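Please read this briefing alongside the sequence and the structure shown here.

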Amino acid sequence: MEQDKVPHVVILPLPLSGHVKPMLSLAELLCDAGFLIITFVNSDYNHDRLERVMDIQAFYNRSPGFRFVSISDGLPLDQPRLGPIILQLFFNTRTVSKPLFREILISLRQSTERSPPTCIIADGLMCFAIDVAEELGVPIITFPTHGSHGMWTIMHTSNLIEEGEVPFQEESDMDKPITSIPGMESLLRRRDLPGNCRLEVENPLIKFIISEASAMKRASTLILNTFEELEAPIIARLGSFFDKVYAIGPLHALLKTRIKDSSQPVSSFGSLRKEDSSCMEWLNSQPLKSVIYVSFGSVVELSRDQLIEFWHCLVNSRKPFLWVVRPDLIEGNEELGQISEEIEQGTKERGYMVSWAPQEEVLAHPSVGGFLTHSGWNSTLESIFEGVPMICWPQAADQQVNGRCVSELWRVGFDMKDTCDRFIIEKMVRNLMEDKSEEIMRSTNEIARMARGSVKENGSSHCNLERLIEDLRLMSL
Ligand code: UDX
């Protein structure tokens, strides 16, 4: 292959770890194809954190076609990317990251060391990349890292407003069915809409989401981190806006089945925090399927009262539990030291706490029988793949939709949306861990079987990835 014809894919995630991780899995899968060059555009903040948890040079030695570059996200490097600051981060992508990304593309084009970019893959919430791609004449693929149901709902935010289904504030409105999202009529209630639908329609976040969802459709190709067997009808509807759609998830699992050497995938560092693996030993000492694993992902914050409710429920349920309590889990970093000391004392009998767990390994451990989760899409897919039923406590973004799908569509768990009461949570934990509803266990096992099939050779996601790689090759000709 001539030097100027080597396919070179530039990958641009939204600079939040729940988005960086699946993008890194995709980048590694493409690099593993052997003939693609990858440039992964991190934010300075995330890259700094990645360098602290992984040996990047060792990774380059294994994957010579892969390079990271990093750009500013416009926020100070010592500012945690949590809470209201995330809105600022969204806006900065357009004002700060856009010109920097453009400069990177131009310099990659002029580089004599690597072939020029032949395609951009950008997060569905980084649509400024479409402007840049159009200006510079580089093909672009959009990859919203949410699930298809979450994405389809987000794409209908303006319909929901036009039809008067959003905004809503009254508690009495919460259980009204949603009618203005085709294909979701019998599934969603207002309380199941993404968290931002509870804001005033003039809120800048709503405006941002509407404009990103609309801009995304200017890309001709769509990548989804899902598998056809899970979300086929909605994937087909999303597909009506794009020339090509590739459902290639669960990406973390596809990567593990395809990676050719035994080295740790770089995307396993994509959650950008140091894992405490001591919990694996603790899990080894617990009975089969007895442990409830509790984690709320990388950005959800709890109030002090909510944390206490969860703790009471876990202790009172008398089930062994493994709980991820991030140092920044409590809103405004409030007194975590003292709370965590109190909780740690009371946890010793049958619980184990870590500040960050090797979640994929935890969910695959035979002692884990349930997952109390905030329903982030990565966590949902990881749990589905390992056949672990869930209790959902969705908080923001696509999580409300994911929780509804888990409980009502896929029937792989319960959704405790909009409650945080120790007695309700305890009852759900007991229901999930003791009673083991036959229906939930049957569908959890069945969907896990389909997920595993999708990433095997000749499975749907495996074949879709092959098609994507071939298309990326053709784009460079
Ligand atoms: C965010 C959004 O909240 C979510 O709604 C959206 O779908 C993706 O981006 P986040 O909140 O971090 O992500 O949740 P999630 O999508 O579940 O991702 C968390 C990731 O961190 C998972 O891949 C999980 O394996 C990993 N994790 C979490 C760990 O490795 N260790 C932990 O202790 C907790």
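This is a predicted model: local features need pLDDT of at least 70, side-chain atom pairs count only at pLDDT 80 or more; totals for chains, interfaces and linings use all residues.

Residues are numbered from 1 along each chain as its sequence is written.

**Ligand shell**
- The ligand is surrounded by 25 residues (C-beta atom, placed from the backbone, within 6 Å of it), and the closest are Gly18, Gly297, Gln359, Gly376 and Ser379.
- At least two residues of this shell come from each of α1 (17-32), α14 (359-364) and α15 (377-386), helices being DSSP runs of H or I with at least four residues and strands runs of E with at least two, numbered from the N terminus.

**Helix α5**
- In α5 (residues 128-136), Phe128, Ala129, Val132 and Ala133 are buried (20 or more other C-beta atoms within 10 Å of their own, C-beta atoms being placed from the backbone).
- These residues lie on the same side of α5, because they cover an arc of only 140 degrees around the axis, taken from the directions from the helix axis to the C-beta atoms.
- Their cover includes β1 (8-12), α4 (85-110), β4 (119-123) and β5 (140-143), with contact meaning C-beta atoms, placed from the backbone, within 7 Å.
- Just after α5, Gly137 has a positive phi of about 70 degrees.

**Packing of α4 and α5**
- The axes of α4 and α5 are 9 Å apart and form an angle of about 35 degrees, with axes fitted to C-alpha atoms over the stretch in contact and angles running from 0 to 180 degrees between N-to-C directions.
- Thr93, Arg94, Lys98, Phe101, Arg102 and Leu105 of α4 make this contact with Phe128, Ala129, Val132 and Leu136 of α5.

Methods:
A residue is buried if 20 or more other C-beta atoms lie within 10 Å of its own, exposed if 12 or fewer, and partly exposed in between; C-beta atoms are placed from the backbone. Two residues are in contact if their C-beta atoms, placed from the backbone, lie within 7 Å.
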